Amino acid sequence: MEFKKNILCIGAGYVGGPTMAAIALKCPELRVEIVDINAERIRQWNSGDIPIFEPGLAEIVNQVRGKNLFFSTEIAEGIKKADIIFVSVNTPTKTFGEGAGMASDLQHWENTAHAIVAHSQGDKIIVEKSTLPVRTAEAMERILKARRGGIRFEVLSNPEFLAEGSAVMDLLEPDRVLIGAHRTPEGLAAEKELVDIYAHWIPREKIITTNLWSAELSKLVANAFLAQRISSVNAISALCEKADADISEIAYAIGSDSRIGSKFLNASIGFGGSCFQKDILNLVYICKSYGLTEVADYWELVVKMNEYQKRRFVQGIVRAMFNTIAGKKIALFGFAFKANTGDTRESPAFQVTRDLLEEHAYVAITDPQALGNAKQDLQGTNGRVSYESDPYKAAEDAYAIAVITEWEEYRHLDFERIYRSMKKPAFIFDGRNILDHGKLYEIGFNVYPIGKKALTHFE
Ligand code: NAD
Ligand code: UGA
């Protein structure tokens, strides 16, 4: 079949895979190819067992793979053929040199820019899909313009707002799509090409167009605002535990104010995931580099509060269990950074496990999707960690259960059976406030929610 245009995406990860699958599904006249340097990942995308767990994604991939969606390691070939290139490579926090621990590590992104320059034979639109520091497009343009020979590259920013676990819905019915372009005739023409792709399934009024720098910065700001809400509610959860107030009641009461809104007010053991911390630290670094110390300090507190919440959770476990958990088995229910994903990047579970091991506890980890990643993350830790796909087995002979991830199935477990199999007194630390605390207390558990009064059988 003759395709109208060739779309290439460099980076077959959590963003590249699902976003391109959505474009391929909705735009059958486009040929969409995703390339990656990771041959194993490409092999998995081409297999019956795709490399990421995301509800509804495998069905879409099965529908379009081999028709107008292709996965490959042929990067140079892909660049040559492409009319539009999305760059969706990872941009983690830098771990070395200037800006270590804060700035974005742009080496993968820069490698792709050089590859595009080296292999392009005609004009192209380059779309930044990765989350990048504001004004990164300027650097991309400098690299691309270093090439002689009359080839034109027009750079657009099209940050991605999908959340893991709901990626398919977020892509098919997004709140908005954001496209930033230079306000020049060439920039606006490139912007129109991208708008036309999304307009296949997204109402035009939801496609926001801005200047390039606003689009780049909006992405960092959106994540900073979302994370800030979680840190705010978590800060108040600590106060609730002292004042006998209830954080769920407070979240409902304040969230009913339409100016505040009810979403993202669930108190928790802290936010995880590959992006919130990375993007806020990047924002902090950018502010510092512009000399905006107060602005940087303000946003950095969101991350500090999150660290405090994770530490506070384990300290609470130790204090409740008579100040010692040495030699005691603790079952962690969940290791993924949120429900409906197998992703464990920056999951609070990692710090909780490390802190429990430091207290010489035994840790039994269960999770419906993330055990493989958990094993990899905890490689090299001592032998006091075990992995169990069955939560009932994980809880056997444990002194305590700590709920780390809000998997729906944990609400429906037979906690009477679990209670009978545990050491007594049995404890539950509900780091997500998803369980029926009154019922657990009646069964005999000592229950410690987040931001609510503990229910204990002790005098
Ligand atoms: P990821 O690590 O899952 O995927 C990135 C892929 O890029 C990897 O497979 C890697 O092998 C590949 N890659 C790196 N360098 C390459 C190169 N030179 N050539 C070809 N392939 C290369 O990362 P991700 O979670 O998909 O995130 C990608 C970007 O999107 C990041 O900037 C992230 O901040 C942003 N983002 C992520 C999410 C999310 O939910 N994960 C949501 C919105 C935005
Ligand atoms: C987040 C944003 O929601 C996406 O819009 C963005 O595109 C993405 O980051 C990104 O840039 O990578 P994601 O990290 O996948 O998406 O998941 P979220 O639903 O935002 O949850 C992040 C963390 O916050 C999780 O650990 C979650 O459990 C926690 N959380 C969320 C809370 O503790 N309380 C809440 O009320 C909501």
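Which helix gives the largest share of the shell around ligand 1? I looked this up before anything else. Helix α5 (residues 107-119) does, with three residues.

**Ground rules**

I am working with a predicted model, where local features need pLDDT of at least 70, side-chain atom pairs count only at pLDDT 80 or more, and totals for chains, interfaces and linings use all residues. Residues are numbered from 1 along each chain as its sequence is written, while chains are lettered from A and ligands numbered from 1 in the order in which they are written. Helices (H or I, at least four residues) and strands (E, at least two) are DSSP runs, numbered from the N terminus.

I listed 27 residues around ligand 1, and G11, G13, H108, S130 and T131 come nearest. A residue is near a molecule or strand if its C-beta atom, placed from the backbone, lies within 6 Å of it. I then sorted the shell by class: 10 nonpolar, 13 polar and four charged residues. Ala, Val, Leu, Ile, Met, Phe, Trp, Tyr, Cys and Pro count as nonpolar, Asp, Glu, Lys and Arg as charged, and the others, Gly among them, as polar.

Next I checked α5 itself. This helix has 13 residues and reaches 18 Å from its first C-alpha to its last, close to the 18 Å expected at 1.5 Å a residue. The expected span is 1.5 Å times one less than the number of residues. W109, T112, A113 and I116 are buried in α5. Seen down the axis of α5, the buried residues fall within an arc of 105°, so they line one face of the helix. The arc is that of the directions from the helix axis to the C-beta atoms. Q107 and A118 are exposed, on the face turned away from the buried side of α5. I call a residue buried if 20 or more other C-beta atoms lie within 10 Å of its own, exposed if 12 or fewer, and partly exposed in between, with C-beta atoms placed from the backbone.

**Ligand 2**

I listed 20 residues around ligand 2; N266, S268, F271, G273 and C275 come nearest. Helix α9 gives the largest share of this shell, three residues. The classes are 11 nonpolar, six polar and three charged.

**Two covered strands**

I turned to β7 (residues 177-181). Five of its five residues are buried. V177, I179 and A181 point one way, and L178 and G180 the other way. In a regular strand the side chains alternate between the two faces of the sheet. β7 pairs with β8 (residues 207-211) in the parallel sense, over five bridges. Two strands pair if DSSP finds at least two bridges between them. A181 stands opposite N211 in β8. With helix α8 (residues 185-198), β7 and β8 make a right-handed β-α-β unit. Right-handed means that, with the strands pointing away from the viewer, the path from the first strand over the helix to the second runs clockwise.

β9 runs parallel to β10 (residues 362-366), and five bridges join them. F333 stands opposite T366 in β10. The chain crosses from β9 through helix α13 (residues 348-358) to β10, in a right-handed β-α-β crossover. β9 also pairs with β12 in the parallel sense, over four bridges. There, L332 stands opposite A402.

Which residues does a cis peptide bond join? K424 and P425, with omega about -5°. P425 is in the loop between α16 (415-421) and β13 (427-430).

I also noted two positive phi values. D244 has a phi of about 60° and is not a glycine. D244 sits in the loop between α9 (212-243) and α10 (247-255), and is exposed, with 8 other C-beta atoms within 10 Å. D397 has a phi of about 65° and is not a glycine. D397 lies in the loop between α15 (391-395) and β12 (400-403), and is partly exposed, with 13 other C-beta atoms within 10 Å. Most residues other than glycine have a negative phi, and most peptide bonds are trans.
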